[in-house]
Amino acid sequence: MSPSPTALFCLGLCLGHVPAQRGPLPKPSLQALPSSLVPLEKPVTLRCQGPPGVDLYRLEKLSSSSYQDQAVLFIPAMKKRLAGRYRCSYQNGSLWSPPSDQLELVATGVFAKPSLSAQPGPAVSSGGDVTLQCQTRYGFDQFALYKEGDPAPYKNPERWYRASFPIITVTAAHSGTYRCYSFSSGDPYLWSAPSDPLELMVTEFPEATTELTVSLTNKVFTTETSRSITASPREPGSPAGPAGQHYTKGNLVRICLGAVILILLAGFLAEDWHSRRKRLRHRVRAVQRPLPPLPPTRKSPGDQDGGRPDVHSRGFCS
């Protein structure tokens, strides 16, 4: 049996009075304007931001029982007692949101400024290493390095009086203005005045020029070839431009000139070898030339009337 219209109407009224199921509220954000590092006697504004339609904001200072039910807290002049950790939350109906991330409000200028230096220097090439060193004459054990434009400083607890901030393999993103602060771990929100600014400059060099190797015997040829590749890069198979044709003709001229020089050198070597061989042959002939003929053998008186010649003279004189 299908339900009657009256039953359906009552069911709709009942469902209309049941509150809708909602998930957890998103946490708000808390920020300090213009910065969370506030010099003494300078103004700062704390602002808590939640979703639209918030019923109530609550801004509280941790480690104390003080709070204010408002989204914005304006501090006209920073005091040491106002430094510390803050957080905020909001209420919608009967539900409270999770607290925001903690904000550390720091009073600066409480102590004298430290000094900041760069080792080996403030100018470094891309890919190199540099160390920023913060030093003070007071016995502080905590130091912080701040780069303009970054949301928060870099803290570095090291030995007393100084701290080192190494930057390994620097890039262009590390260029900028740096300052450092010193403070004590007993009062972590009371800092010194900032050091004098240090400008870190990162220089970059094109890889094509730094990795070019030029030999002493072929310096001009290698340099011009590399320049032609850098000046007019083209895809394989595309027609060469005027610069490419110029360098191609130059290369052909150099190759032909080298071939002519090699031929001349080969000719000089062959002529020298031939002259040496000719002189050697002349020397051998001089050594092996025939000996002069021996004087004729005297004939005895008995050989004058057709006697036989002396046997020992046969074959030696004719």
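## Overview

A residue is called buried when its relative accessible area is under 20%, exposed when that area is over 50%, and partly exposed in between. By that rule arginine 179, with a relative accessible area of 21%, is partly exposed. The structure described here is a predicted model.

The protein has 318 residues, and 26% of them are buried. It contains 4 helices and 18 strands. Its accessible surface comes to about 23000 Å², and carbon and sulfur atoms account for 59% of that. Taking contacts between residues at least 6 apart in sequence, 63% join residues that are at least 24 apart.

## Nonpolar cores

In soluble globular proteins, nonpolar side chains tend to be buried together. Which residues have the most contacts inside the largest nonpolar core? They are Leu30, Leu46, Met78, Leu105 and Trp191, in a core of 31 residues. Strand β9 (residues 103–111) supplies the largest share of this core, 4 residues. Domain 1 (29–108) and domain 2 (112–203) both give residues to the core, so it lies between them.

With neighbours within four places in sequence left aside, methionine 78 touches Val38, Pro39, Leu40, Glu41, Lys42, Ala83, Leu105, Val106 and Ala107. Another core lies apart from the one described above; it has 17 residues, including Val124, Phe165, Ile167 and Val170.

## Cysteine 180

Cysteine 180 is part of strand β16. Is this residue buried or exposed? Its relative accessibility is 0%, so cysteine 180 counts as buried.

Cysteine 180 and leucine 116 are 64 residues apart in sequence, yet their C-alpha atoms are 6.5 Å apart in space. Leucine 116 is also one of the residues in contact with cysteine 180 when neighbours within four places in sequence are set aside.

## Salt bridges

The whole structure holds 6 salt bridges. One of them joins lysine 79 to glutamate 41, with the closest N and O atoms 3.0 Å apart. This pair links distant parts of the chain, 38 residues apart: lysine 79 is in the loop between β6 (72–75) and β7 (84–92), and glutamate 41 is in the loop between β2 and β3 (44–49). Lysine 79 is partly exposed at 30% relative accessibility, and glutamate 41 is partly exposed at 48%.

A salt bridge between arginine 87 and glutamate 60 has its closest N and O atoms 3.0 Å apart. Arginine 87 is in strand β7 and glutamate 60 in strand β4, so the pair links distant parts of the chain, 27 residues apart. Arginine 87 is partly exposed at 28% relative accessible area, as is glutamate 60 at 22%. The side chains of arginine 179 and glutamate 148 also meet in a salt bridge, at 2.5 Å from N to O. Arginine 179 lies in strand β16 and glutamate 148 in the loop between β13 (142–147) and β14 (154–155), so the pair ties together parts 31 residues apart in sequence. Glutamate 148 is partly exposed, with a relative accessible area of 42%.

## Backbone features in loops

Where are the cis peptide bonds? One joins leucine 33 and proline 34, with omega about 5°. Proline 34 lies in the loop between β1 (29–33) and β2 (37–39). Another runs from glutamine 119 to proline 120, with omega near 5°. Proline 120 lies in the loop between β10 (115–119) and β11 (123–125).

Serine 63 is not a glycine, but its phi is positive, about 60°. Serine 63 lies in the loop between β4 (56–61) and β5 (67–68), and is exposed at 73% relative accessible area. Threonine 169, also not a glycine, has a positive phi of about 55°. Threonine 169 is in the loop between β15 (162–167) and β16 (176–184), and counts as partly exposed at 46% relative accessibility.

## A nonpolar surface patch

Leu257, Val260, Ile261, Leu262, Leu264, Leu265 and Phe268 make a nonpolar surface patch of about 700 Å². Leucine 262 lies in helix α4 (residues 242–287). The relative accessible area of leucine 262 is 58%, which is over the 50% limit, so this residue is exposed.

Technical notes. Residues are numbered from 1 along each chain as its sequence is written. This is a predicted model: local features need pLDDT of at least 70, side-chain atom pairs count only at pLDDT 80 or more; totals for chains, interfaces and linings use all residues. Side-chain values use heavy atoms; hydrogens and water are left out. Patches are made of residues with over 30% relative accessible area and no salt bridge: like charges are joined within 9 Å, nonpolar side chains (Val, Leu, Ile, Met, Phe, Trp, Tyr) within 5 Å. Accessible areas come from the Shrake-Rupley method with a 1.4 Å probe; for residues, only the protein chains shown count as cover. A salt bridge is a side-chain nitrogen of Lys or Arg within 4 Å of a carboxyl oxygen of Asp or Glu. Helices (H or I, at least four residues) and strands (E, at least two) are DSSP runs, numbered from the N terminus. Buried means under 20% relative accessible area, exposed over 50%, partly exposed in between (1.4 Å probe, protein chains only). A nonpolar core is a set of buried Ala, Val, Leu, Ile, Met, Phe, Trp, Tyr and Cys residues joined through side-chain atoms within 4.5 Å. Domain bounds come from an automatic or database domain assignment. Contact means heavy atoms within 4.5 Å.
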